[in-house]
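Keep the picture open as you read.

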Amino acid sequence: MAERLVKFSDPTNTMIEPGTPYARVVVERHSELPTGHRVSLDCLPSELKGIDDVEIDLVLLAIYEDGRDPRKVAMQREDFDALARGEDDMPTLIANGMQQVQPEPERARARSRAERVDYGSLEHAGRPHRGVTTDAEKETVRANLDAVNERLAREGHRRIDLADPEHVERYGLAALAEERSRTS
C-alpha cells in the first residue's frame, strides 16, 4: 500500500494536486503576528493574481522615543509627507537628512541584548535556532519536555523527538530517552 501526501492551499483550502506548481507566501509582518514571527502559507499561483498589481507607496519607519523600546511603523507616503508642516516639504527634509544619517551596514544591525530571544525560558526553549544551545535551554527542555513540545506543535515548529539522536544530543536528553523507553 502506498501513501500519498496531498497539499492544500491555505487561503482557499483547494487541493494542490501532486506535481502542480504552487507558491509559498511568507508573511513577515501582520498585526496578528507577534514581533519576530513569520508564517508560511502554501497557495496556487492563480490565487496570487492581483498582488503584483497593488501599488501602495509605503514608508517604513523606526521610531525611537525616550524611555520606550523602538517600534516599527508602516504608513502611506501621502500621510507621512503630510507630517511636514514647516517651511520645507518632506522630500526636502529627507534630502537634507540623508547627509546626517548614513545607512548601517547589514551586519552591523545585530539585535541588541534587549531584543535577543532567551531560549532558556519556557516561552522559547526548543525552538529551532542557529545559535548554540545553552545549558539553560537544555535544562528547560529536559524539565518541561511535554510542555515544550505542546508549545512547539501549537506554533507550527517541529517537536523534540526522543527517538532522534540529534535532538537527544542537542538538548542532553539521553537519560530521559532511556527512562521513557523503559516505561513504555
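Before we look at any residue, here's a cut-off to keep in mind: a residue counts as buried when its relative accessible area is under 20%, as exposed when that value is over 50%, and as partly exposed in between. Also remember that you're looking at a predicted model.

You'll find Thr12 in the loop between β1 (7-8) and β2 (15-16). Thr12 and Glu47 sit 35 residues apart in sequence, yet their C-alpha atoms are 8.4 Å apart in space.

Now zoom out. The protein has six helices and six strands, and if you read along the sequence, the pattern goes β-β-β-β-β-β-α-α-α-α-α-α. Of its 184 residues, 19% count as buried. The accessible surface comes to about 14,900 Å², and 50% of that belongs to carbon and sulfur atoms.

Next, head for the inside. The largest nonpolar core has twelve residues, among them Ala125, Val141, Leu145, Val148, Leu152 and Ile160. The helices α4 (145-155), α5 (165-171) and α6 (174-183) each supply at least two residues of this core. Which helix gives the largest share? That's α4, with three residues.

So let's stay with α4 for a while. Its buried residues are Leu145, Val148, Asn149, Arg151 and Leu152. Looking down the axis of α4, you'd see these buried residues fall within an arc of 165 degrees, so they line one face of the helix.

What covers the buried face? The cover over the buried residues of α4 includes α3 (135-143) and α6. For a close-up, pick Val148: leaving out residues up to four places away in sequence, Val148 touches Leu122, Ala125, Gly126, Thr140, Val141 and Ile160. Finally, follow the chain just past the end of α4, where Gly156 takes a positive phi of about 85 degrees.

Note on methods. Residues are numbered from 1 along each chain as its sequence is written. This is a predicted model: local features need pLDDT of at least 70, side-chain atom pairs count only at pLDDT 80 or more; totals for chains, interfaces and linings use all residues. Side-chain values use heavy atoms; hydrogens and water are left out. A nonpolar core is a set of buried Ala, Val, Leu, Ile, Met, Phe, Trp, Tyr and Cys residues joined through side-chain atoms within 4.5 Å. Buried means under 20% relative accessible area, exposed over 50%, partly exposed in between (1.4 Å probe, protein chains only). Helices (H or I, at least four residues) and strands (E, at least two) are DSSP runs, numbered from the N terminus. Contact means heavy atoms within 4.5 Å. The arc is that of the directions from the helix axis to the C-beta atoms. Accessible areas come from the Shrake-Rupley method with a 1.4 Å probe; for residues, only the protein chains shown count as cover.
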